[in-house]
Amino acid sequence: MSKLRLPIDYKNMQLELLEALKEDELYKLQNDAKIRAVEQNVPTYEDFRQMVNAAHLKPLKHSDIKYEVKKLWNPIICTNDSNMMPFNNPEEDQSKDRLKLKENENIFKNEIPITYDQFIQFWKTIKEYKEKFNYLKILRHNLREKIFYTEIPPTLFVELIDICLQNVSDVNNIEFIVDILCILSKCNRFYLTINFMKQNEKEMCAQLFHDLFKNGEYQNEEFKDTIKKLALHYEVVLE
């Protein structure tokens with residue numbers, strides 16, 4: 001029998017068509033991701049590769065995230081936890097932080113979390129913007145290597161930006177905020193997190209950098225130039 005007279009398998013044709021459409025959509029998404037990566041001047045090929053490979057992914061909603069904590073971590077009573085890092089770190093910068101943040105010592109009892117689960121569990125108990133910002137100031141040197149070693153969850157990243165924005169009016173916080181933003185920009189998959197931001201979230205980020213630059217005018221030109229360069233990593237251009 002001639003192949004032309006064989007019955008047409010419409011179901012198989014439909015599956016092939018859907019597969020072709022998926023491949024075409026993926027190609028477009030990855031091509032757009034490549035263009036964004038070039039425009040953002042990503043620092044390494046690994047960052048470029050991650051952006052392209054994750055082009056089809058969508059950010060998780062806050063309701064999609066489930067935190068699994070094996071046991072309750074209480075920074076006030078757990079003084080012998082092997083996963084905790086004591087404040088008496090020999091590093092000079094953390095020593096300075098302890099002197100500047102004495103008002104928070106009663107919260108941490110000379111210990112700070114070094115895992116994401118520990119961080120997020122206590123973070124969710126803090127209600128005030130100022131207290132959350134002080135929490136970030138104390139932990140900032142552990143954010144990249146410990147707490148956000150894998151990635152920064154997009155929903156939490158936006159909250160961190162908001163916390164900084166709420167505290168930028170105090171000129172004493174300017175250098176701390178710049179330091180925190182610089183550390184976050186070096187975290188793994190940072191550029192993916194930036195890509196997942198919605199338009200209103202990007203506008204909030206831009207507002208933060210404009211306020212930073214405005215409130216940091218008393219600083220020297222080198223510091224203001226640092227803010228400008230850092231802003232570019234967050235896709236913000238300062239005039």
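# Briefing: core, ring pairs and selected residues

Lys137 lies over the face of Phe176, 4.7 Å from the ring centre; a charge counts as over a ring if NZ of Lys or CZ of Arg is within 6 Å of the ring centre and within 35 degrees of the ring normal. The model is predicted: local features need pLDDT of at least 70 and side-chain atom pairs count only at pLDDT 80 or more, while totals for chains, interfaces and linings use all residues. Residues are numbered from 1 along each chain as its sequence is written, and side-chain values use heavy atoms, with hydrogens and water left out.

**Overall make-up**

- The chain has 11 helices and 2 strands, where helices (H or I, at least four residues) and strands (E, at least two) are DSSP runs numbered from the N terminus.
- Their order along the sequence is α-α-β-α-α-β-α-α-α-α-α-α-α.
- Of the chain's 239 residues, 39% count as buried; buried means under 20% relative accessible area, exposed over 50%, and partly exposed in between (1.4 Å probe, protein chains only).
- Among contacts with a separation of 6 or more, 78% are between residues 24 or more positions apart; a contact means heavy atoms within 4.5 Å.

**The largest nonpolar core**

- The largest nonpolar core contains 55 residues, and those with the most contacts inside it are Phe119, Phe148, Leu184, Phe209, Leu212 and Tyr234.
- Such a core is a set of buried Ala, Val, Leu, Ile, Met, Phe, Trp, Tyr and Cys residues joined through side-chain atoms within 4.5 Å.
- At least two residues of this core come from each of helices H5 (116-123), H6 (129-147), H7 (154-166), H8 (174-185), H9 (190-195), H10 (199-215) and H11 (221-233).
- The core lies between domain 1 (10-56) and domain 2 (116-234), because both give residues to it; the domain bounds come from an automatic or database domain assignment.
- Beyond its neighbours within four places in sequence, Phe119 is in contact with Pro113, Tyr135, Leu136, Leu139, Ile147, Phe148 and Leu156.

**Aromatic pairs**

- The structure holds 11 aromatic pairs; rings of Phe, Tyr and Trp (its six-membered ring) pair if their centres lie within 6.5 Å, and planes under 30 degrees apart count as stacked, over 60 as edge-to-face and the rest as tilted.
- Phe119 and Tyr135 form a stacked pair, 5.4 Å centre to centre with 10° between the planes.
- This pair links distant parts of the chain, with Phe119 in helix H5 and Tyr135 in helix H6, 16 residues apart; both Phe119 and Tyr135 are buried.
- The pair of Phe190 and Tyr234 is edge-to-face, because the ring centres are 5.0 Å apart and the planes stand at 75°.
- Phe190 is in helix H9 and Tyr234 in the segment after H11, so their pair ties together parts 44 residues apart in sequence.
- Phe190 is buried at a relative accessible area of 1%, and Tyr234 is buried at 3%.
- Tyr116, Phe119, Phe122, Trp123, Tyr135 and Phe148 are linked into a cluster by ring pairs.

**Residues with positive phi**

- Most residues other than glycine have a negative phi.
- Arg189, although not a glycine, has a positive phi of about 60°; Arg189 sits in the loop between H8 and H9 and is partly exposed at 34% relative accessibility.
- Glu235, also not a glycine, has a positive phi of about 60°; Glu235 is in the segment after H11 and is partly exposed, with a relative accessible area of 34%.

- Thr193 belongs to helix H9 and counts as buried at 4% relative accessibility.
- The Thr193 side chain reaches the backbone oxygen of Arg189 at 3.2 Å; a polar contact is a pair of N or O atoms within 3.5 Å, where within protein one must be able to donate a hydrogen and the other to accept it, and residues adjacent in sequence count only if both atoms are side-chain atoms.
- Apart from neighbours within four places in sequence, Thr193 is in contact with Ile152, Pro154 and Phe157.
- Lys198, in the loop between H9 and H10, counts as exposed at 56% relative accessibility.
- Lys198 and Val158 are 40 residues apart in sequence, with 9.6 Å from C-alpha to C-alpha.

**Asn215**

- Asn215 is in helix H10 and is partly exposed, with a relative accessible area of 22%.
- A polar atom of the Asn215 side chain lies 3.0 Å from the backbone oxygen of Val168.
- The C-alpha atoms of Asn215 and Val168 are 7.8 Å apart, and the two residues are 47 residues apart in sequence.
- Not counting residues up to four places away in sequence, Asn215 touches Val168, Ser169, Val171 and Ile174.
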